[in-house]
Amino acid sequence: MGHPWGWWVFFAGAVSDALDGWLARALRVQSQVGLYLDPLADKVFVTAVTLAWAIAGRIPYWLLGLILG
């Protein structure tokens, strides 16, 4: 595996997103900006990760297209 730190970045992003969602629900905090930015951030995260995996040769490009399609 060429970049083991990449997995730490991936898991840190996933855990921070889950924690953010849990805290917002637990504290019943909601904002207009958050309603738009949270789903956008999720899509950017998924796009960046799948694109990086495809470029690194970890997943085939057809799967990248399927996921992003």
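Modeller: Buried means under 20% relative accessible area, exposed means over 50%, and partly exposed is in between, with a 1.4 Å probe and protein chains only. Helices (H or I, at least four residues) and strands (E, at least two) are DSSP runs, numbered from the N terminus. The model is predicted: local features need pLDDT of at least 70, side-chain atom pairs count only at pLDDT 80 or more, and totals for chains, interfaces and linings use all residues. Residues are numbered from 1 along each chain as its sequence is written, and side-chain values use heavy atoms, with hydrogens and water left out.

Biologist: Which residues in α2 are buried?

Modeller: Contact here means heavy atoms within 4.5 Å. What covers the buried residues of α2 includes α1 and α3. The buried residues in α2 are Val49, Thr50 and Ala54.

Biologist: How far apart are the end C-alpha atoms of α1?

Modeller: The expected span of a helix is 1.5 Å times one less than its number of residues. For the 23 residues of α1 that span should be 33 Å, which agrees with the model, where the end C-alpha atoms are apart by 33 Å.

Biologist: And how far apart are the end C-alpha atoms of α2?

Modeller: Helix α2 covers residues 32-55. Its 24 residues should span 34 Å at 1.5 Å a residue, which agrees with the model, where the distance between the end C-alpha atoms is 35 Å.

Biologist: Are α2 and α3 roughly parallel or roughly antiparallel to each other?

Modeller: Axes are lines fitted to C-alpha atoms, for helices over the stretch in contact, and angles run from 0 to 180 degrees between N-to-C directions. Angles under 35 degrees count as roughly parallel, over 145 as roughly antiparallel, 65 to 115 as roughly perpendicular and the rest as oblique. Helix α2 packs against helix α3 (residues 61-68) at about 170°, with the axes 9 Å apart. The two helices are therefore roughly antiparallel.

Biologist: Which residues does Ile67 touch, not counting residues up to four places away in sequence?

Modeller: Ile67 lies in helix α3 and is partly exposed, with a relative accessible area of 41%. Ile67 and Leu51 are 16 residues apart in sequence and 9.9 Å apart in space, C-alpha to C-alpha. With residues up to four places away left out, Ile67 touches Val46 and Thr50.

Biologist: How many residues apart in sequence are the parts that the pair of Phe10 and Phe45 ties together?

Modeller: Rings of Phe, Tyr and Trp (its six-membered ring) pair if their centres lie within 6.5 Å; planes under 30 degrees apart count as stacked, over 60 as edge-to-face and the rest as tilted. The structure holds 3 aromatic pairs. One of them, Phe10 with Phe45, is stacked, at 5.7 Å centre to centre and 15° between the planes. Phe10 lies in helix α1 (residues 4-26) and Phe45 in helix α2, so the parts tied together are apart in sequence by 35 residues.

Biologist: Is the pair of Phe10 and Trp53 stacked or tilted?

Modeller: Phe10 is partly exposed at 22% relative accessibility. Its ring and that of Trp53 are 5.6 Å apart centre to centre, with 50° between the planes, and the pair is tilted.

Biologist: Which residues do ring pairs link into a cluster?

Modeller: Phe45 is partly exposed at 29% relative accessibility, and Trp53 is partly exposed at 29%. The cluster linked by ring pairs consists of Phe10, Phe11, Phe45 and Trp53.

Biologist: What is phi of Arg28?

Modeller: Arg28 is in the loop between α1 and α2 and is exposed, with a relative accessible area of 78%. Its phi is positive in a residue other than glycine, near 55°.
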